[in-house]
Structure formats: C-alpha cells, structure tokens
Protein chains: 2
Amino acid sequence: MPTIRKAPTKSSGPSTLRESPAPPPSPQTLRADARRNRERLLAAASEAFAEHGATASMDDVAKRAKVGIGTLYRHFPTRESLLAATVEDGLLVFADRDWSRPSGSSADALGRFLEALAAHASTYRGLAASLGVVLASGTPGCHAASATGERLLKSAQAEGSVDRHADFGDVVCMATAIALATQQTPSDPERAKRLVRMFVDGLRARAKVSSSPASKKQRERRRH
Amino acid sequence: MPTIRKAPTKSSGPSTLRESPAPPPSPQTLRADARRNRERLLAAASEAFAEHGATASMDDVAKRAKVGIGTLYRHFPTRESLLAATVEDGLLVFADRDWSRPSGSSADALGRFLEALAAHASTYRGLAASLGVVLASGTPGCHAASATGERLLKSAQAEGSVDRHADFGDVVCMATAIALATQQTPSDPERAKRLVRMFVDGLRARAKVSSSPASKKQRERRRH
DNA sequence: CTCGTAAACGGAGGCAGCCTCCGGTTGTAT
DNA sequence: ATACAACCGGAGGCTGCCTCCGTTTACGAG
C-alpha cells in the first residue's frame, strides 16, 4: 500500500502570523502528567513505526498511547519531530561508539560508521526518507552523531586516506541514499554493504588522485 | 475498534474471482474518444507533476484534463503507472543515446549514463522515490533503458575497467538513491555529480583490487 | 441511415488521514 | 483551600484516494 504522503501545505489565511512556529516543546521541566504522556507517546510511536513504517498514522499513535490526538501534536508538532525523538536514544549510543580499530586506517573507521549509519536509517521502513530532516532537527543525539561523523571524516582526510573534497553532507547523503536504495529493493540484503564499500573505495581512489596536479577545477567547491 | 487497514476486499459473494486484476489498459487499439482522453491526461499529468512534484493530487490531474476521476483511474490504475507513462518518451530517447566517446573507457560511458539517469530521476520532484517501481513497470521505454544500462555495465566489466561483482541493480539503486538524497538537500546542486563520480571511482577501484590475490574476503560475495 | 452493443465516461460518495481549536481538567505553588 | 497556568482530548473541517454504477457514445452490421 505505497500511498505517498504529502507535504504539510500551509494553505492560506494568515490569521496570526506565527513568528515562532512553536516554543520548543520542552526539555525536562514538564508537569508530571505531561512527562508521563510524553513517554507513552514515544513508546506508542516506536511500536507504530516498527509496525507500519515511518508513515504510520498519527491518529493510530495517539490511540495506542491512549491519548488525545491534540496531546500528540502538542508534544510533537510534526511527524519528523516525533521520528527524531523516537530514534534519539539510538543516536546517542551510536555517537558514543568507538569506531577505530587497533588495525586499519581512518578510512576503514569511516566506512564502518557509514555502514552503521545506513543500517540505522533503516530502523523503520521509510525512515531514511526523512533522515535528512531528522538529522537537522537539532536534538542532542543528532548533534552528537554529526559531530562524530565529522570527526571521523576529518581525521581520515588529515591522514590522507580520503579525498579532501568530500564534505560531511556527502557522507550523510550517501548513507541515506544507500538506505533508501536498499529498502526499495529488499531482495538483496547484502547490497547495502556492497554499496557502502564501493563508496568508500571511491573516496579512497580520489584521495590518491587528488594529490596529482591534474585536478584544479575542484578546488573552489568549498562552502557550507 | 482497531480495524486499521481495509483491504480492497471484494465485499462478499465471490461471483467472479478476478485472477487478472485488470487487463493491461491498452496499446493503440483504443476508441477515438478514449485515445483523446488518454492524451489529455498525459498532458495534464505532466503539468501537474511538474508543478507539485510526483505527489500531485490525482483529482487535480483529472480536473486539469477536464475528465472524470473515473476516467483517469481506468487509464492509469495507479499513480506509478501514470508516472511511468509520463516519462516514457524521455526514457526512449534516453535509451537510444550514444554513451560512448571516441576517447575514454567504457567505465566513463557508464559514468555518463549513471549521471544522466540520476538527473532523469529528478525530472519531477519526488520521482526518484518511485523510480524503482516505475522502471519495473515493463513499458518499452523501461526495457530499453535497462537494456542500454546493462549493456554498458557488461561491456565495462568485460573490458576490465569495472568491478565484476556489481550488478545492474546496484547501478539503478545508486542512481535513484543519489537523486533522492540530493533532492532532499538541494542546497548543493553539484553534489549529485560529485557522488556519482565517487561511486564510479569505487567501481573502478574494485576492478583493480579484484584481480589481486590479497582480497579473499570479497570472494564469497557472489550471488544472484 | 438506423440500431444494438460494448466500450468508455464521469462524478457522487465512502473512507482514511491530517491537524486546529477551544472548552474542560488537573497538577502545583502559595 | 484556592487559583491559575499548564495540560488534556476529541469533535470537526479539510484534502486526497479510489470504487461503483447509471449514463453516454463510438462504431460496425444490416
């Protein structure tokens, strides 16, 4: 039932131009009942997403949590924010893992990270499609994971084992791309690994090339 | 009452068990009015997809074509079939293009093909997400494009400039994935090209490695 | 030209999901 | 005990999907 979902289209009628779309839901200073409901919602969401993929019905999530739909939207104004909160814990342990190995280059570590990230993006069917938005949602877990990845990339580049022109955005792109691609054709579960390895090999190959004087066109591509 | 999903269940009394869900709409033996409507639908769809992306409302398409919604669904039972028909022509010219160059290896040709395919998958915003389904829809254009790609890959592999373990599925996966990922973060329009290039470099690198005796771990990754 | 028939049309209607809004409820500080 | 801000909950309005079936129309035979 691959019903494609639509963007949240703000129609018109600017009754009250909300300049702050919403005060950030909250940290930990919630009233007791609110915190309780938040927990239930997260648990319910986790269940629903696991069962129906990232497009599970919001109403269903609220129902599972035995909570009004209004409550859900107050805690998590968008589907993405709910997704982000759901994977937050996973991201945190993810960021804290030690990716280096006694033997092996930094490029290898980056490869392992990339592979794990792609796997992580497949936690729920359809998660990958939102991973970009999720990672940009600015939760501690997202920051931590990004920081870790960036560190790995930088160090591999410093070591010279990875192309200096790649930026972390490319890596994230690639991870989500691979996750996306493989979950579209789940026939071959090895494909993800194969693709990751090819990508990392590509990074390596360019690392060698980039020290030759031939490539000068690519210098100006530095921004972000 | 958690009746969540309703299948399209024939209500009751299975008078005629439809084994073929629907006879394939038709080739060119349509009644005059039918053919006319088909054309209008395609034009309308093209417009709507261009404007709203691949998730444009079906009702809107019908309305633009000045045709009942029922007519739309008779001609194109699913959104994907409509998408496929919409890009059909493009795929045909795509398949017929000459990808080789006087100078340059077959791997280069494959790279150009891949890049173009990724670009093609971005014809409409959101097209890439369905490209897998679309390519599997079996229209002449899809067959032609697949055949062309497969030929390029095979010949690059025969020439030894590309890893023999990659299959065409990998290539399609990567093209759609790159298109998908990059259109999620359209900040850097150069990213798609960079990623494609890295991927092709990866294919090349493995081509070299695969003949050395050092890699034994990669041997068993032979299937399909 | 006239019919008869199958092919094609079209849109009402039922359903699901999204999200807002606001009257009612409840935790908590004093 | 009281007050009030924070929070709850779900009805309701809206959009989009897709089926079903009565009506219209093309077109081949006579």
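This is a predicted model: local features need pLDDT of at least 70, side-chain atom pairs count only at pLDDT 80 or more; totals for chains, interfaces and linings use all residues.
A residue counts as exposed when its relative accessible area is over 50% and as buried when that area is under 20%, with partly exposed residues in between.

K66(A) is found in the loop between α2 (58-64) and α3 of chain A. Because its relative accessibility is 67%, K66(A) counts as exposed. Its phi is near 55 degrees, a positive value in a residue other than glycine. Most residues other than glycine have a negative phi.

In chain B, K66(B) lies in the loop between α2 and α3. The phi of K66(B) is likewise positive, near 55 degrees. K66(B) also counts as exposed, since its relative accessibility is 67%.

**E159 of chain B**

E159(B) belongs to helix α7 of chain B, which covers residues 140-159. With a relative accessible area of 44%, E159(B) is partly exposed, because this value falls between the limits of 20% and 50%. Apart from its neighbours within four places in sequence, E159(B) is in contact with S105(B) and S106(B). S106(B) is 53 residues away from E159(B) in sequence, yet the two C-alpha atoms are 7.4 Å apart in space. The side chains of E159(B) and S106(B) are joined by a polar contact of 2.6 Å.

Of the atoms of DNA strand D that come within 4 Å of the protein, 60% belong to sugar and phosphate.

| Residue | Protein atom | Atom of DNA strand D | Distance |
|---|---|---|---|
| G70(A) | polar backbone atom | base oxygen | 3.3 Å |
| A32(B) | backbone N or O atom | phosphate oxygen | 3.2 Å |
| Y73(B) | side-chain N or O atom | phosphate oxygen | 3.0 Å |

Elements of both chains give two or more residues to this surface: α1 (32-52) and α3 (69-75) of chain A, and α1 (32-52), α2 (58-64) and α3 (69-75) of chain B. The element that gives the most is α3(A), with 5 residues.

Note on methods: Residues are numbered from 1 along each chain as its sequence is written. Chains are lettered from A and ligands numbered from 1 in the order in which they are written. Side-chain values use heavy atoms; hydrogens and water are left out. A residue is near a molecule or strand if one of its heavy atoms lies within 4 Å of it. A polar contact is a pair of N or O atoms within 3.5 Å; within protein, one must be able to donate a hydrogen and the other to accept it, and residues adjacent in sequence count only if both atoms are side-chain atoms. Helices (H or I, at least four residues) and strands (E, at least two) are DSSP runs, numbered from the N terminus. Buried means under 20% relative accessible area, exposed over 50%, partly exposed in between (1.4 Å probe, protein chains only). Contact means heavy atoms within 4.5 Å.
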